[in-house]
Amino acid sequence: MQAPNIWQWGQENKVYACMMVFFLSNMIENQCMSTGAFEITLNDVPVWSKLESGHLPSMQQLVQILDNEMKLNVHMESMPHHRS
């Protein structure tokens, strides 16, 4: 299977390809941020909402939130299930 032409172009023009990825990702980020919506979910469970909190989490907050959610998920999975 032959590599796509854009991949070959990126391999031949690494500096331009990196600049293009950088600018495109910034453009997408700015578009997402301008809508005001920024949601983080883990296993289909919402763990952060910019709309509810009014701000974006710092990197430290984000790591702490995800760590707490993952610990909670492990704890919930290890609990025995009781039937009523």
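Me: In this protein chain, what share of the contacts between residues at least 6 apart in sequence joins residues at least 24 apart?
Reply: The model is predicted, with local features needing pLDDT of at least 70 and side-chain atom pairs counting only at pLDDT 80 or more, while totals for chains, interfaces and linings use all residues. Residues are numbered from 1 along each chain as its sequence is written, and side-chain values use heavy atoms, with hydrogens and water left out. With contact taken as heavy atoms within 4.5 Å, the share joining residues at least 24 apart is 15%.

Me: Is S49 buried or exposed?
Reply: S49 sits in strand 2, which covers residues 45-49. Buried means under 20% relative accessible area and exposed over 50%, with partly exposed in between, using a 1.4 Å probe and protein chains only. Because its relative accessibility is 10%, S49 counts as buried.

Me: Which residue's side chain forms a polar contact of 3.0 Å with the side chain of S49?
Reply: Leaving aside neighbours within four places in sequence, S49 is in contact with F38 and E39. A polar contact is a pair of N or O atoms within 3.5 Å, where within protein one must be able to donate a hydrogen and the other to accept it, and residues adjacent in sequence count only if both atoms are side-chain atoms. The side chain that makes this 3.0 Å polar contact with S49 belongs to E39.

Technical notes: Helices (H or I, at least four residues) and strands (E, at least two) are DSSP runs, numbered from the N terminus.
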